[in-house]
Amino acid sequence: MYFIGGVLRPLGLGLLLLALTAPISGIGFRRGRLSKGFLGEPSKIPTLQRSLESEDLWFEQKLDHFKTSDTRTWQQRYFVNADYYRNDSSAPVFLMIGGEGEASAKWMREGAWVHYAEHFGALCLQLEHRFYGKSHPTEDLSTENLYYLSSEQALEDLASFVTAMKVQFNMADGQKWIAFGGSYPGSLAAWAREKFPQLIYGSISSSGPLLAMVDFKEYFEVVKNSLASYKPECVKAVTRSFAQVEILLKHMIGQRSLDEKFKTCTPIKDSIENALDIANFFENLAGNFAGVVQYNKDNSPHATITIDEICDVMLNTTAGAPVNRLSLVNDMLLNESNTTCLDYKYEKMVADMKNVSWDSESAKGMRQWTYQTCHEFGFYQTSANPADTFGGRFGVDFFIRQCMDVFSKNMDAKFLDLVVSGTNENYGALKPNTTNVLYVHGSIDPWHALGLVKTSNRALPTIYIEGTAHCANMYEPVKTDPPQLVIARNKILKFLAKLLEGYTSTPI
């Protein structure tokens, strides 16, 4: 089988019948994450396949895998698609790993991995990540309960689930399990193979950050480079616009002008002495660009606005000064998110994230993911240089302060350095001790800066796709996919073929 024009075709068998939505918002885009999670749904195009969603299934899971005396359990959600399963001793099992958002049953019928499953006769399973979606291990999201939220616990969940499913489906010992994941689940897919090679035979790790880092200043460097890939002048215009915001902040008239231009929910004059509010204001404006870049032109439901569109606005001199154009970009993102005003108040953001109820807005994943960044990964997308494109208002201290204010005063800079170092030591960072994992990244995606994009180690094959964004290879193929994305999906198919024919990992 091979991809042509974004369509998977079997050799000599004609075309396969392919399976033919959350807007980006600077408000709903924080810490490099959309309000509904990194991955979202498999396609922005509605199709008949969407009516074939899998039912919610439940697996009894241990609360604490590392304390044998703790016998508490909870119900973890999972999905099954056995439509293509050959159900013999050589049929593979594909496991989609859930991440920092609600798992979507739509992935059981759409997405590139489903076409791979049809080709190889694989059983498809998807396991929702603990503490996200409907998988509620505890009665609420208190900081004490979030102690049980970690990548290590999640990997143990996967191991327990695989072991149980082997029994439930009466699988032969030789049936190979292949893990799939995008973004944080892409990291988990790689780590699952590393930690449980006896259970996970291979993995496709898409856009997975392997290097934990407290001060992830490289994120906005990639955002700038991605904007410049359209037109270098775009970055110059954005830089001037943020500099003009700083100028307007210095005077009462300028502050009122910013309120009008950016539709602020509360007057900036009331927050001008509050550095945390102003930092939040700048991070929201920068997040408008980051969100667009991260999902630029892929077939995800996130990709509603492109780099081309926002850069064309920033370069439209008839719209006035650069700060005016910046406000127009902000309007685009407010409209996309059905948001009426720009809320930048720090205390309100903290109060929202301190809500521990499963019914709260923050329980859609932001509180949980923020905890994981504070307790394991860092990943803080900072801009601390006043002369840089997005200014110097949101350095690493701004994010560490959030950890301390939302969860615990003990989560200070020293604590972050300690836990992030521990994460890198545990998983090997950019030098993983594993095989049979394919690492896939796109050049437009800011997260590739923390991923494995090139290596001289033949046991660690990589695919680096020029011009594509976050997890682009995972979404449902369409005819408008760029040639380099089609080629990448073909390479993934070939990698899977080698794994499932008994080959060990080889360069691509």
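Alanine 82 first. Its relative accessibility is 40%, so alanine 82 counts as partly exposed. Keep in mind that this is a predicted model. Alanine 82 sits in the loop between strand 6 (73-81) and strand 7 (93-97).

Phi of asparagine 87 is near 55°, which is positive, and the residue is not a glycine.

There is another positive phi to look at. Serine 183 has phi near 70°, again in a residue other than glycine. Where is serine 183 found? It is in the loop between strand 9 (177-182) and helix 3 (184-195). Buried or exposed, then, for serine 183? Buried: its relative accessibility is 1%.

One more loop. Threonine 340 lies between helix 9 and helix 10 (346-354). At 68% relative accessibility, threonine 340 counts as exposed. Threonine 264 is 76 residues away from threonine 340 along the chain, yet the C-alpha atoms of the two are separated by 8.9 Å.

Alanine 112 is in helix 1, residues 112-120. Its relative accessibility is 2%, so alanine 112 counts as buried. Which residues does alanine 112 touch, leaving out those up to four places away in sequence? Asn473, Met474, Tyr475, Glu476, Pro477 and Arg489. Take glutamate 476 from that list. Between alanine 112 and glutamate 476 there are 364 residues of sequence separation, but C-alpha to C-alpha the pair is 5.3 Å apart.

On to the interior. In soluble globular proteins, nonpolar side chains tend to be buried together. Here the largest nonpolar core holds 114 residues. Which members touch the most other members? Leu227 and Phe289. Helix 7, residues 275-294, supplies the largest share of this core, with 11 residues.

Zoom in on leucine 227. Set aside neighbours within four places in sequence. Leucine 227 then contacts Cys234, Val235 and Val238, plus Phe289 and Val293, plus Ile307, Ile310 and Cys311.

Next, helix packing. Two packed helices are described by the angle between their axes and the distance between the axes.

Pair one is helix 7 with helix 12, residues 396-406. They pack at an angle of about 110°, and the axes are 11 Å apart. Helix 7 and helix 12 are therefore roughly perpendicular. Their crossing is left-handed. On the helix 7 side, the contact uses Leu276, Ala279, Asn280 and Glu283. On the helix 12 side, it uses Phe398, Phe399 and Arg401. By class, that contact has four nonpolar, one polar and two charged residues.

Pair two is helix 6, residues 252-262, with helix 9, residues 322-336. Their axes come within 9 Å and cross at roughly 40°. The 35-degree limit for roughly parallel is passed, so helix 6 is oblique to helix 9. From helix 6 come Leu258, Lys261 and Phe262. They meet Val323, Asn324, Leu326, Ser327, Asn330, Asp331 and Leu334 in helix 9. By class, the contact of helix 6 with helix 9 divides into five nonpolar, three polar and two charged residues.

The axes come within 6 Å, and the crossing is at roughly 80°. That makes helix 11 roughly perpendicular to helix 13. Helix 11 brings Thr373, Cys374, His375, Glu376 and Phe377 to the contact. Helix 13 brings Phe415, Leu416, Val419, Val420 and Thr423. The classes for helix 11 with helix 13 are six nonpolar, three polar and one charged.

Methods:
Residues are numbered from 1 along each chain as its sequence is written. Side-chain values use heavy atoms; hydrogens and water are left out. A nonpolar core is a set of buried Ala, Val, Leu, Ile, Met, Phe, Trp, Tyr and Cys residues joined through side-chain atoms within 4.5 Å. Buried means under 20% relative accessible area, exposed over 50%, partly exposed in between (1.4 Å probe, protein chains only). Helices (H or I, at least four residues) and strands (E, at least two) are DSSP runs, numbered from the N terminus. Contact means heavy atoms within 4.5 Å. Axes are lines fitted to C-alpha atoms, for helices over the stretch in contact, and angles run from 0 to 180 degrees between N-to-C directions. Angles under 35 degrees count as roughly parallel, over 145 as roughly antiparallel, 65 to 115 as roughly perpendicular and the rest as oblique. A crossing is left-handed if the near helix is turned anticlockwise from the far one by less than a right angle, and right-handed if clockwise. Ala, Val, Leu, Ile, Met, Phe, Trp, Tyr, Cys and Pro count as nonpolar, Asp, Glu, Lys and Arg as charged, and the others, Gly among them, as polar.
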